[in-house]
Amino acid sequence: MLNRRQVLAAGVLTAGFASTPLLRATSRAAAPAEPFSVRMPVPPVLRPAARLPGCAIYHLTMREAPVEILPGRHTTVRTFDGSFPGPTIRARRGETVIVRQTNKLDVPAAVHLHGGHVEPQHDGHPMDVIAPGDSRTYVYPNRQRAAALWYHDHAHHLEAENVYRGLAGLYLLTDPEEERLGLPRGEYELPLLLRGANLAEDGTLIYDATDVQGPDHGTTLVNGRPTPYLPVAARRYRFRIANVSSGHAYVLKLRDGSEMIQIGTDGGLLPEPVRTGAVSVWSAERADVVIDFSRYPVGSRVYLDNTALFGGETRDVLRFDVVREARDDSRVPERLVPLEDLGPAATTRTFALSFDLATGRYLINGAVFDPDRVDARPRLGVPEIWEITNSDTRIPIPHTFHTHLEQFRILDRNGVAPPAAERGRKDTLTVHPGETVRIKVRFSTYTGRYVFHCHMLEHSAHAMMGQLQIEP
Ligand SMILES: [Cu+2]
């Protein structure tokens, strides 16, 4: 594995700027894909290798595979089981999922279940990697609320490229509370994994960490295909949106300005639905969104746009083609799932996110990641307030702060209560330049070592990460 010095020598300064959307000024010729010329695929649902009482066992192999991204062209990507993005794992609360991962890539990998509440040895710690040729078994107890989690590589220094090249997949955890709500399901509940890709004309996936527009600028992919179309019925659909990009932000709007209903965020369902014209998902965030197509006559074309254009991205994301009528017995109740009270906080910690111009390093509290250093020792079960400040105002670089193990609550942004869609269980949040965000978090169940980091993957790959030791 590359060490930090080698990565720095490889050009961390430009690489750092590369994942800075606000600094992307120019645009580049798009890859040769007519928008809305391919149908949106749905990643396959992974079938268990075995089922035991209360437990499902899966096998996944990480390997390179050729896939079709641009029509008629082959692209070699890094996959879980040949699927780009990875297959969706469907889990139920209380039913253990065991995933045996075999690494047939020529680079190390560590598989992290993002948003998962798991023991430290199953968390995919960045230093706890699966060497090429080796296998490892991860255990996910699923003792947490229904949520759209996702699994992805987390090998230190390599995660940005590994995820960019394809090592990401959705993990949909359900529970009886969610099931009884009557939300759209089956063929009317679809994942939308969003990301960018820099594709050459011949289909080659280019990873250039020094690209000033970010390595994943260029073509917007939904479930691995460029700006696709999706035939829909004139009824409600539930979309499980995940931003699996290196550093892109998506602020999604329907081009006709119509309402969407956001029902969930990173850690599951919101207390109540949020009717909105714009759904925001930054790197690693998820949004659970219902769109009601019954307001459109059959034959309508409904466009989903990205309005967070910092340069290099296209507005087009997805086109819904309303092709038929359909019965709809789904609903969106006015009350979803209540938020539990985390209790009064006993400790306050501060985390300062910054970019050091002199060294080109991304820092948390003035330091880069050191696997031999513990940065915070929260006590099990004791609520804490974390004040996370992005002090980069001269060079306005946003960051996305993510902690492993636990879902937190956003208390305020610069002292102001967060927007309704952020008042749920969160594991990732954007901290804008000049902003201080206060969160409340309470680590539960497991002691041991976990990481927190910026989830702009070019930043975390350059060691914008710290370590927690959860103490009994
Ligand atoms: Cu960052």
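**Entry 1. Terms and model.** I began with the terms: helices (H or I, at least four residues) and strands (E, at least two) are DSSP runs, numbered from the N terminus. I noted that the model is predicted.

**Entry 2. Backbone.** I looked up N142, which lies in the loop between β7 and β8. I found that N142 has a positive phi of about 60°, although this residue is not a glycine. I then turned to P85, placed in the loop between β3 and β4. F84 and P85 are joined by a cis peptide bond, with omega at about -10°. For comparison I recorded the general rule that most residues other than glycine have a negative phi, and that most peptide bonds are trans.

**Entry 3. Domains.** I read off the division of the protein chain: domain 1 covers 4-178, domain 2 covers 186-325 and domain 3 covers 347-470. To the contact, domain 1 gives 56 residues and domain 2 gives 60 residues. I noted a buried area of about 5000 Å² between domain 1 and domain 2. Carbon and sulfur atoms supply 61% of that area.

**Entry 4. Pairs between domain 1 and domain 2.** I found 18 residue pairs in polar contact between domain 1 and domain 2. The elements giving two or more residues to the side of domain 1 that touches domain 2 include the helices α2 (12-18) and α3 (159-164). The strands among these elements are β3 (74-80), β4 (86-92), β8 (147-153) and β9 (168-174). By class, I recorded 34 nonpolar, 13 polar and 9 charged residues on this side of domain 1. I also looked up the salt bridges between domain 1 and domain 2, and the count is 3.

**Entry 5. Salt bridges.** I searched the whole structure and found 38 salt bridges. I examined the one between E340 and R145, whose closest N and O atoms are 3.3 Å apart. This pair links distant parts of the chain, 195 residues apart. E340 is in the loop between β21 (316-325) and β22 (347-356), whereas R145 is in the loop between β7 (135-140) and β8. I also examined E68 and R225, which form a salt bridge with their closest N and O atoms 3.0 Å apart.

**Entry 6. Copper.** Which residues coordinate the copper ion? I found H399 (ND1), C454 (SG) and H459 (ND1), at 2.0 to 2.1 Å. In sequence, I wrote the spacing of the donor residues as H-x54-C-x4-H. H399, in strand β25 (residues 399-403), and C454, in strand β29 (residues 448-454), are 55 residues apart and link distant parts of the chain.

Note on methods: Residues are numbered from 1 along each chain as its sequence is written. This is a predicted model: local features need pLDDT of at least 70, side-chain atom pairs count only at pLDDT 80 or more; totals for chains, interfaces and linings use all residues. Side-chain values use heavy atoms; hydrogens and water are left out. Domain bounds come from an automatic or database domain assignment. Contact means heavy atoms within 4.5 Å. Buried area is the accessible area (1.4 Å probe) that two parts lose on being put together, summed over both. A salt bridge is a side-chain nitrogen of Lys or Arg within 4 Å of a carboxyl oxygen of Asp or Glu. A polar contact is a pair of N or O atoms within 3.5 Å; within protein, one must be able to donate a hydrogen and the other to accept it, and residues adjacent in sequence count only if both atoms are side-chain atoms. Ala, Val, Leu, Ile, Met, Phe, Trp, Tyr, Cys and Pro count as nonpolar, Asp, Glu, Lys and Arg as charged, and the others, Gly among them, as polar. Donors are N, O and S atoms within 2.8 Å of the metal (3.2 Å for Na, K and Ca); water is not among the atoms, so sites may look incomplete.
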